[in-house]
Amino acid sequence: MYTPAPLSFPALRGGGLSSAPIGGNGRNRFGERLLGKHVLIVEDEALLALELELAFADEGAEIVGPALSLSHGVMLVESTPQIDCAVLDVDLGGRDVFPIAHALEKRSIPFVFHTAHARASTLSTLFPRSETVVKPARPEDLVIRLARLML
Amino acid sequence: MQDQPSTGRRPALRIRSRAPVLVAIGATLLALGLAIGQTIVSQRAARVEGRASSDALLAMHEVLEATLDAETGQRGYLLTHKIAYLEPYADARRRLDASLKKLRTILHATPGDQDDRTLERLSALIGAKVAELDRTIALTRAGRNAEALALVDRDVGKREMDTIRIEARRLMDQKRDSRLTSVARINRLEANLLPLIGVLGLMTLGLVVLAMVTEQRRAAAAAEAEQAEALRAANERVNLLARELNHRVKNLFSVILSIVSLSARGNAPRDVMIEDIRARIRALALAHSATQGGDGNEAIDLRTTIAATLEPYALNNGERVSIAGPDVAVPVRMVTPIGLIVHELATNAAKYGAFSAEGGKVRVSWELVPGPQGGALVRLAWREEGGPPPAVPAGTTEASGFGTRMIALAVSQLGGRLERHWPAAGAIAHFEFPVS
C-alpha cells in the first residue's frame with residue numbers, strides 16, 4: 001500500500017537539481033499524505049508554476065504538468081488517467097480555469113483554487129467542494145490544504 | 001478590496017411639468033380670440049344697421065322733398081296754367097316713385113313691424129295725395145280750373161300733406177334714434193376691443209417667456225446629465241485601472257516570492273544566492289519599467305523590454321549588446337516571462353559566455369512572421385560572439401538546471417519554442433512566440 005517514493009524530483013528529471021531543498025520534508029504531518037500522489041498543477045505564471053512543482057515534489061508527489069495554459073490543462077486532464085488532486089490558478093491569461101475544474105469535479109478529484117482575486121465566495125458557490133487559497137500564499141500552505149482535502 | 005465605484009448618479013435637474021399652465025394659456029388665448037372675433041362681427045352688424053338707418057333717413061327725406069316738389073308744381077300750374085309748371089311736377093312724380101321704391105327696399109331689408117305699418121300708411125297717404133294732385137291737374141287741363149281750385153280750397157290736400165309730414169317725421173325720428181344707437185354700440189364695442197387685444201398681446205409675451213425659460217432649463221438639465229455621464233465613465237475607467245494595477249501588483253509579489261524561494265533552493269553560498277535573487281528581481285523590475293498604468297490590454301514595446309532587461313550588461317552605450325528588430329507590441333502579461341528568459345540567457349552569458357570576456361558581444365535580433373494559426377510570430381535570435389568557447393550546460397550544476405527549467409516554463413507560458421546551440425563561436429538561442 002505504501003511505497004516509499006524515491007527522493008528524486010520528477011519535475012527536474014534530467015535537470016539534476018540536488019535533493020537537498022531548503023526548508024525540506026517533514027515539516028508537517030499533512031505532507032505525507034501527498035507522498036506518491038499525482039498532483040495536477042495549473043498555473044500560467046512560469047515562476048510560480050516552478051515553485052509549486054518543486055514544493056510538491058519536495059513532499060514526494062508526482063507532478064502532472066504544470067500546465068501553463070487552459071488548453072494544456074484540459075489536454076492533461078483528458079490524457080492522464082491518474083490524478084489525485086490539483087492546484088488551479090483561476091485566471092489563465094484572461095481565461096477562466098473552470099472547464100478544468102468541471103472536468104476534475106466530474107471525476108471526483110479534489111482541488112484547490114489558487115487565485116489573486118479574492119472571489120472565494122463566487123468560487124465556492126460554483127464549486128461547493130473546492131477550497132480557495134489567496135495569492136500570494138506560501139507553497140506549504142497549499143500543500144497543507146491539499147493534503148487536508150485528501151482525507 | 002474593490003472600491004465601491006460611486007455609481008450614485010446625481011439626480012438630474014427636474015423639469016416641472018408645465019402642461020397645466022400651457023393648457024390654461026391655450027384656453028385663455030382661444031377665449032380671447034373668440035371674444036375678439038365676436039366683437040368684430042357685432043361691430044360689423046351695428047355698422048350695417050347704422051348705414052341702413054342713414055339710408056332710410058335719406059330716402060324718407062327724398063320722398064318728402066319729391067312730394068313737396070310735386071305739390072309746388074301743381075300749385076303753379078293751377079294758378080298760372082303755364083304748361084312749364086307741369087315739367088317739375090312730372091319730374092317730382094318720377095322722383096317720388098323712385099324714392100318711395102328705394103325706401104321700401106331699405107325698410108324691407110331691415111324687417112320690423114313698426115316700419116312696415118308706417119310705410120303702408122305713408123304709401124296710402126302719398127297715393128291719396130298724388131291722386132288729389134293728378135285730379136286737380138286733369139281738371140285744369142280740361143278747362144275746369146275753378147273746380148280744381150275749389151278742391152284745393154277744401155284743404156283736403158293740405159290735411160293730407162300734414163299727415164304725410166307727421167308720419168314721415170315719426171319714421172325719420174325713429175331712424176335717427178336707431179342710427180344713434182348703432183353708433184353708440186359701435187363705440188362701445190371698439191372700447192371693448194382694445195383691452196382684449198392688449199390681453200392677447202400680454203398672453204403671447206408670457207408664452208414666449210415661458211417657452212424660453214423651459215428651453216433654458218431643459219438645456220441646463222441636458223448639459224448636467226452629459227457631465228454626470230462623462231464623470232461616471234471617467235470613474236469607471238479609473239476603477240478599472242485601479243483593479244488592473246492591483247492585480248498586477250499582487251501578481252508581481254507572487255512572482256518575487258517565487259524568485260526568492262526558488263533562488264534559495266540549492267547549495268550556493270549565501271552571498272551568491274543573495275546576488276542571484278537581487279539580479280532576478282532587478283531584471284523583473286527593468287523588464288516592467290516600460291509598462292504604464294494601462295488596462296489589461298496594454299501593449300509594451302518588445303525592444304524597450306529587451307533593452308531594459310539587458311541594460312546591466314550593456315556597458316558604455318551598449319557596445320556589448322546590439323538589438324535589432326521591427327516594432328512589436330506585446331501584451332503586458334508577456335513582460336515577466338520575456339524578461340525572465342532574457343535575464344537567464346544574459347546570466348548564462350555573464351557566467352560562461354560572451355559577457356564573461358572582454359570584447360564579448362551579444363546580438364539580439366528578431367523578425368515578425370505570419371503565425372501558423374493566423375496572428376503573428378516573433379522569431380528571435382540570441383547570438384553570442386567574442387566570448388570563450390561555450391560549454392554545454394548539460395544540467396551539471398544546480399544553477400544551470402534551475403535556469404534551464406525556468407526558461408522552459410517561461411517559454412511554455414508564452415506558448416512558444418526555444419532551441420539552444422553551443423557552437424565554438426558562441427552560444428545561440430532561437431526563440432519564437434506568438435503575439436496576437
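In helix 6 of chain B, A279(B), R280(B), A283(B), L284(B), A287(B) and H288(B) meet V335(B), T336(B), I338(B), G339(B), H343(B) and T347(B) of helix 8 of chain B, two residues being in contact if their C-beta atoms, placed from the backbone, lie within 7 Å. The model is a predicted one, in which local features need pLDDT of at least 70 and side-chain atom pairs count only at pLDDT 80 or more, while totals for chains, interfaces and linings use all residues. Residues are numbered from 1 along each chain as its sequence is written, and chains are lettered from A and ligands numbered from 1 in the order in which they are written.

Helix 6 spans residues 270-288 of chain B and helix 8 spans residues 335-352 of chain B, and the two pack at an angle of about 130° with their axes 9 Å apart; axes are lines fitted to C-alpha atoms, for helices over the stretch in contact, and angles run from 0 to 180 degrees between N-to-C directions. Helix 6 of chain B and helix 8 of chain B are therefore oblique to each other, a term for angles that are not under 35 degrees (roughly parallel), over 145 (roughly antiparallel) or 65 to 115 (roughly perpendicular).

Elsewhere in chain B, two residues other than glycine have a positive phi. H81(B), with a phi of about 60°, is found in the loop between helix 1 (19-80) and helix 2 (86-109) of chain B, and H81(B) is exposed, with 12 other C-beta atoms within 10 Å. D155(B), whose phi is near 65°, lies in the loop between helix 4 (145-153) and helix 5 (156-264) of chain B, and D155(B) also counts as exposed, with 11 C-beta neighbours inside 10 Å. A residue is exposed if 12 or fewer other C-beta atoms, placed from the backbone, lie within 10 Å of its own, buried if 20 or more do, and partly exposed in between.

Chain A has five helices and seven strands, which are DSSP runs numbered from the N terminus (H or I over at least four residues for helices, E over at least two for strands). Of the 151 residues of chain A, 42% count as buried. Five of its strands form an open parallel sheet in the order 2-1-3-6-7, where strands pair if DSSP finds at least two bridges between them. Strand 2 and strand 7 (131-134) of chain A stand at the edges with a single partner strand each, so one side of each has no neighbour in the sheet. The twist averages 20° from one strand to the next.

Strand 3 of chain A pairs over four bridges with strand 1 of chain A, where L40(A) stands opposite A86(A), and likewise over four bridges with strand 6 of chain A, where V87(A) stands opposite V112(A). Five of the five residues of strand 3 of chain A are buried, so this strand is largely enclosed by the rest of the structure. In a regular strand the side chains alternate between the two faces of the sheet. In strand 3 of chain A, C85(A), V87(A) and D89(A) point one way and A86(A) and L88(A) the other way.

Strand 6 (residues 111-115) of chain A in turn pairs with strand 7 of chain A in the parallel sense over four bridges, and F113(A) stands opposite T132(A) in strand 7 of chain A. Helix 3 (residues 98-106) of chain A packs on the sheet, touching strand 1 (38-42), strand 3 (85-89) and strand 6 of chain A, and its direction makes about 165° with that of strand 3 of chain A. In strand 2 (residues 62-67) of chain A lies P66(A), which is joined to G65(A) by a cis peptide bond with omega of about -5°.
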